[in-house]
Amino acid sequence: MANYDLTPRIAPHLDRHLVFPLLEFLQERQLYSEDQLLKAKIDLLNNTNMVDYAMDIHKSLYHTEDVPQEMVDRRVEVVARLKALEECAAPLVAFLQNEEKVQELRPDKIYNLQMLNDRYQIGPEQIEALYQFAKFQFECGNYSGAADFLYQYRALCTSSERSLSALWGKLAAEILMQNWDIALEELNRLKEIIDSKAFTSPLNQVQSRIWLMHWSLFIFFNHDNGRTQIIDLFNQDKYLSAIQTNAPHLMRYLATAFIVNKRRRSQFKDFVKVIQQEQSPYKDPITEFLYSVYVNYDFDEAQKKLRECEDVILNDPFLGKRVEEGNYTIVPLRDEFLENARLFICETYCKIHQRIDLGVLAEKLNLSFEEAERWIMTLIRSSKLDAKIDSKSGTIVMEPNYPNVYEQLIDHTKTLSGRTYKLVGQLLEQGQAQAAR
């Protein structure tokens, strides 16, 4: 299953602190050797201030109580730097922790800066120290303190670039603390800035969107309404174009969201066409399952891919979330995915056959004859299929359903128009990027 692990593709688009939860999951699932994952953790920690954590991992990896002298020296350096930053930021931190004084602040940043300087002798140097202190706290693994200081810093910061950097840090801290509602608010705020900001290069804007989508995976697969919102974000033309050109592996998550989300069926048909276009550059059991059902109509292959999909979900850090229920541990998304995937097979199979043997269909769905009969009856009622069950012969009889030629023509025209729009957009972006050079 390590062949289907997307961590090597996803990690370059994440802050290094966000990679730790992925490694913890892989360690739990034992997809790689223990030594491999411990070494990966140490490599990540080398550029952070989490020295104590790095020492603990070193001891576990090499089965010793001794640690390299460079780690000891690094710890002394981190503690000294932390104290120095704390002293520099102390006047502003003390002000922000005083509720009465905070009431003096107004929405006008220019007024606030002048007031802080005149009344409390707090100037740009202390405000910059607050940012550096917050960043250092984050690197030390104190995400709660970092989030608070970054929020306060953004209320005083007049630099749009530095404010944007602080917002990225705030988002990462909220994700790591699993504050999903707040993280979603920060994600939407960041998206609004990325979509409206004038970037020096279109490629930088595309890269920001790619980063945003990767970070959003933590939120969307943990937030109650996340599976709908991931479709709303990833399926937008500019974001979908970024996925197709720079991050096709994200198709796994968009495909999964479409399969388990019944509220976005109207957009699903167009997504299947995207899957058909992307099948050559990127393959994944989940996207191949949709390809088998809706493009090739190969239901034996679909069943094979469905079994692989189950393994992919169980071993994916975002899709394989475990939930404790009494004495059992379940993976809710796995059960929901399999239920809906079987429904897809059944719906499509019924639509392309005039008479269907219930026994054959039951075998394809891994159900008993009686279970299949009940399932089909529910499917016919809910999906309004023009069909009936012949209990005597044990078959489903489908009524002819001739395609509407005009609807097909309009549909193909829309597809051609959409592809042309995306192609022109990509050519314009490339032209602007070359001109900027």
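User: What makes the charged end of Arg 209 count as sitting over the ring of Tyr 239?

Analyst: In this predicted model, local features need pLDDT of at least 70, side-chain atom pairs count only at pLDDT 80 or more, and totals for chains, interfaces and linings use all residues. Residues are numbered from 1 along each chain as its sequence is written, and side-chain values use heavy atoms, with hydrogens and water left out. A charge sits over a ring if NZ of Lys or CZ of Arg is within 6 Å of the ring centre and within 35 degrees of the ring normal. The charged end of Arg 209 is 5.3 Å from the centre of the Tyr 239 ring and sits over that ring. Arg 162 does likewise over Tyr 131, at 4.2 Å.

User: Why is the pair of Phe 218 and Phe 318 called edge-to-face?

Analyst: Rings of Phe, Tyr and Trp (its six-membered ring) pair if their centres lie within 6.5 Å; planes under 30 degrees apart are stacked, over 60 edge-to-face, the rest tilted. Here the centres are 4.9 Å apart and the planes 80 degrees, so the pair is edge-to-face.

User: How do you know whether Phe 218 is buried or exposed?

Analyst: Buried means under 20% relative accessible area, exposed over 50%, partly exposed in between (1.4 Å probe, protein chains only). Phe 218 has 7% relative accessibility, so Phe 218 counts as buried. Phe 318, at 5%, is buried as well.

User: What makes the span of helix α10 agree with expectation?

Analyst: The expected span is 1.5 Å times one less than the number of residues. For the 17 residues of α10 (residues 160–176) that gives 24 Å, and the end C-alpha atoms are 24 Å apart, so the two agree. Helices (H or I, at least four residues) and strands (E, at least two) are DSSP runs, numbered from the N terminus. Of the 17 residues in α10, 12 are buried.
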